[in-house]
Amino acid sequence: MGFMESVELDSLVEELRNTFESGKTRSFAWRKAQLKSLLKLLEEKEEDIFMALHKDLGKHHVEVFRDEIGVLIKSVNYALDNLKSWMAGKKAYIPLAAFPSSAEIVPEPLGVLLLFSSWNFPIGLSLEPLIGAISAGNAVVLKPSEIAPASSEFLAKNIPLYLDNKSVKVVQGCQKVGEQLLQYKWDKIFFTGSSRVGRIVMSAAAKHLTPVALELGGKCPAIIDSLSSSKDRQAAINRVVGGKWGSCYGQVCIGIDYLFVEEKFVSVVIELLKATIKRFYPKREYMTKIVTKQHFQRLSSLLKDPEVAGSIVYGGSLDSDALFIEPTILVNPPLDSEIMTEEIFGPLLPIITLKNIEDCIGFLRGKPKPLAIYAFTHNENFKKRLIAETSSGSIIFNDAIVQYLCDTIPFGGVGASGFGQYHGKFSFELFSHAKPVLRRNFWTEFTFRYPPWDESKLKFMRLLYRFDYFGLLLLMLGLKR
Amino acid sequence: MGVEMEENRGAFDGHRAAELMAELREAFGSGRTRSYEWRVAQLKALFRMIDEKEAEIMAALYSDLAKPELEAFLHEVSLTRSACQLALKELKRWMKPEKVSSSITTFPSSSEIVSEPLGVVLIISAWNYPFILSLDPVIGAIAAGNAVVLKPSEVAPATSSFFARTLPAYLDSSAIRVVEGAVSETTALLEQKWDKILYTGNSKVGRIVMAAAAKYLTPVVLELGGKSPVVVDSNVNLEVAVKRIIVGKWGCNNGQACIAPDYIITTKSFAPKLVEALKSTLEKFYGEDPLESKDLSRIVNSNHFARLTRLLDEDKVYGKIIYGGQRDEKKLKISPTLLFDVPHDSLIMKEEIFGPILPIITVDKVEESFDIINSRTKPLAAYLFTKDKILEEKFVNNVSSGGMLINDVALHLANPNLPFGGVGESGIGAYHGKFSFDAFSHKKAVLHRSFGGEAPARYPPYTLKKQRILKALLSGDIISLVLALLGWPRS
């Protein structure tokens, strides 16, 4: 895929700047209209999206709806419902005695933003931040991933048909185009992808002091405690299987990377996993394919290490023509093997056994912080310990991946898994500047504030200051003599 | 609190920085800094320190900046003390997890947002308000439960050494450390992996800090500067406006403050009145010979003195001085100086002045000032003096800046309920009050699900019925959901 002439990019960025400066994107009416059009796009072009995702990833259309289209519809509706209140800003408390002054926090758009999306949820991860950027009143360049070319093409073709062409642009292309885009001065850059590229993005942003949000990855562990009821056990295993293979076949940042299970339960867990996998995936069509040959080779090589290969208890077969790897379970591969040090991003599930399930806390200490930690347990004390003693973007009890659906909790990483959070109103805030505005009047005056200074003024102030800071403010605002 | 004086161990280089980091990682890893008790103990100790060492602090500020006692007390000591008090008062509430509502899509579930410390953080402070710009962020970092390294500015050496000497005597030095030094020490620190860096200073170094942070994907807060404009409308109470402008400019470290008014924009017709009022009030405040006034800080050092005189001496500007312009190189003093209608491309209109010089530029209509401001990089603060509510609204909605004040100057930084920070070239992130706590915390989403509410629709094999259920569920439409679950419409 060729790259855009820099002259083309120059004029594209300039157009966006001019549009933003015209003030068009700031109005409630404009934002609402864009969001409604986005909704129309999702409803009218559903089939096209299914086709694009099938072409790029072999994703089943029900999965596409569940993980991408449906989630986006929910997010757009949530934004439409809340936009007015988000835009209204917040009044800030100031001491009553400083009345009639007022303080408020006024959200304003940052300006012209650059959004980099990823290949595994190519529509979802493009449009979810776009919803936030538009809600906050910005102009946007969206750069979809070239590794999902049909989806990228879909966006390039359809966004201009539904959204304001002068304010929202899609720029397609390979890595070189990404690098070119990074040379410009943006008001914020939002990036979803790997830490390696995240570093490149942040370094480029540093030249312009551009703030960034980085949605990266990590090794998200699932901790399976002993569960007494077989119904709960099955529900847990359903959710683990769904959390590992159910979304993009393991190629998902919040997917379960590996499991912790107590030694004495591991055989039960393995049996349940096998049965559930068979039940959920009777046909290959329910499993998204490995996205590229490169990734297929990366994943196959994780299994090459003989000690790792020896730890396989289920699956392990590879079909390089179809870019397919069977759901594979391993037990206790060496902890220093690549499969246990790198994010897997594929259908291989190592299980680490522990004498006591709570030992997982020690195991996680000092490891890079993942995007999510999942724990299946009834033990309230263990839950408290996990919240207090581990760190991750989020922590979910008794399920996996569903945090993505929740508009009221922030979604994002910490440490190696990134920074900056979005979804719901957090998206709006991420793409806004919260500007404090303090309004004073001319009446309340006290000469005490002003030089020439002398000892008596200082003494007076010290005395009065014994009350507290607000007492001092009263003084300065002339309401105390 | 046994502590080795850093100086005795030779230069602070990469090796020492790595050692320091290892010690702090261990301290943080032990969990000690996370307890409410530890945080409160540190904050109380800081509060005590400010009380007990007030004289020493004021003396250091005087030595570094010749800061008038009242200014030092008001802007540095008492504001820092208040920040401490606020944190002590609010800490329990800040630390409490925030319950949030869950959505139908994850029903049944409960959610909350838990604040957790980021880990080991680095605070690089500035020279102009060396006391508060060091401790205010440290208070936030401690309140949030982190281990902290403070690197005070070497351009304010007395305050820096005050910290190096005194903080270990009051605070837990296994988790809170001071590293003194200049460029090479800062570089050594920046080579380490921090969990957050807060930098106060100029945008050139801000870029260096962010680039260093990028290597480790470390999030940053950059408190930078810019040219904070003051727009003065003709519809004002001139006497009060002028007093406030003056105290906001020369009463804040003699203009060496990030939020000090940098330049004034007013209408051609109003300018003469404004200039007269400024001149007479300046004389009232600082006397006929302001170089002798005890109420003005000096210029911090000869580098900055040279920089400021260069701005004044530029050809296109020199003839525009309408008040002041006197200097004393030995005492590092420049008198409050007004310039009128300097060319927009002069040096003094291109860089942040950070000194006691105030250019006044004029426009035909007051609204034109907004275009001038918007044509430049976004400043840390923007000020407007007017009684006209419509003009005020226009200003708020059309001018972008870190923060905004109507009819006053600089005060917004004193309100801990307002976030203090820049946007664009003036910075990234914000702090003060609870915003400090938030700046140094990770807001962790916690979702509790129960095992009930298993929806087979989530899982393959995917059937048409499941698809209908998912559609209804995700659109939040209960009726469709129920119908879908019951098998309607039948295919």
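The model is a predicted one. Chain B and chain A bury about 9000 Å² between them. Over all chains, the count of salt bridges comes to 51.

**The interface of chain B and chain A**

- Chain B puts 105 residues into the contact, and chain A puts in 109 residues.
- Of the roughly 9000 Å² buried, 63% is on carbon and sulfur atoms.
- On the chain B side, the residues that lose the most area to chain A are Leu217(B), Phe451(B) and Tyr462(B). Together they make up 11% of what that side buries.
- Four salt bridges cross this interface.
- Asp408(B) forms a salt bridge with Arg440(A). Their closest N and O atoms are 3.0 Å apart.
- The side of chain B that touches chain A divides into 48 nonpolar, 32 polar and 25 charged residues.
- Strands meet across the two chains as well. Strand β16 (residues 394-397) of chain A runs parallel to strand β20 (residues 441-449) of chain B, and four bridges join them.
- Within that pairing, Ser394(A) has Ala445(B) as its bridge partner.

**Salt bridges and where they sit**

- Arg66(A) and Asp67(A) join their side chains in a salt bridge, with 2.8 Å from N to O.
- Is Arg66(A) buried or exposed? Arg66(A) counts as buried, because its relative accessibility is 12% and the cut-off for buried is under 20%.
- Asp67(A) is buried too, at a relative accessible area of 11%.
- In chain B, the side chains of Lys67(B) and Glu76(B) meet in a salt bridge of 2.7 Å, N to O.
- Lys67(B) is buried, with a relative accessible area of 2%. Glu76(B) is buried as well, with 0%.
- Asp262(B) and Lys227(B) form another salt bridge, at 2.6 Å from N to O.
- Which parts of chain B does this pair tie together? Asp262(B) lies in the loop between α9 (238-249) and β9 (263-267), and Lys227(B) lies in the loop between β7 (220-223) and β8 (229-232), so the pair links parts that are 35 residues apart in sequence.
- Both Asp262(B) and Lys227(B) are buried.
- Some salt bridges form a network. Its members are Lys91(A), Glu104(A), Arg439(A), Lys389(B), Glu392(B) and Glu393(B).

- Strand β6 (residues 196-200) of chain B is mostly covered, with five of its five residues buried.
- Both faces of β6(B) are covered. Lys196(B), Leu198(B) and Thr200(B) are buried on one side. Ile197(B) and Tyr199(B) are buried on the other.
- One partner is strand β3 (residues 120-124) of chain B. It runs parallel to β6(B), and four bridges join the two.
- In that pairing, Leu122(B) has Ile197(B) as its bridge partner.
- Another partner is β7(B). It pairs with β6(B) in the parallel sense over four bridges.
- Here Ile197(B) stands opposite Val220(B).

**Helices of chain A**

- Helix α7 (residues 175-182) of chain A has these buried residues: Val177(A), Gly178(A), Gln180(A), Leu181(A) and Leu182(A).
- What covers the buried residues of α7(A)? The cover includes α1 (6-22), β3 (112-116), β4 (139-143), β6 (188-192) and α8 (195-207) of chain A.
- Ser427(A) is found in helix α16 (residues 424-430) of chain A.
- Ser427(A) is buried, with a relative accessible area of 3%.
- Leaving aside neighbours within four places in sequence, Ser427(A) is in contact with Gly132(A) and Tyr422(A).

**Positive phi angles in chain A**

- Phe345(A) has a phi near 55°, a positive value in a residue other than glycine.
- Phe345(A) sits in the loop between α13 (338-341) and β14 (348-354) of chain A. At 16% relative accessibility, Phe345(A) counts as buried.
- Asn398(A), also a residue other than glycine, has a positive phi near 70°.
- Asn398(A) is in the loop between β16 and β17 (418-419) of chain A. Asn398(A) is buried, at a relative accessible area of 2%.

Conventions
Residues are numbered from 1 along each chain as its sequence is written. Chains are lettered from A and ligands numbered from 1 in the order in which they are written. This is a predicted model: local features need pLDDT of at least 70, side-chain atom pairs count only at pLDDT 80 or more; totals for chains, interfaces and linings use all residues. Side-chain values use heavy atoms; hydrogens and water are left out. Buried means under 20% relative accessible area, exposed over 50%, partly exposed in between (1.4 Å probe, protein chains only). Contact means heavy atoms within 4.5 Å. Buried area is the accessible area (1.4 Å probe) that two parts lose on being put together, summed over both. Ala, Val, Leu, Ile, Met, Phe, Trp, Tyr, Cys and Pro count as nonpolar, Asp, Glu, Lys and Arg as charged, and the others, Gly among them, as polar. Two strands pair if DSSP finds at least two bridges between them.
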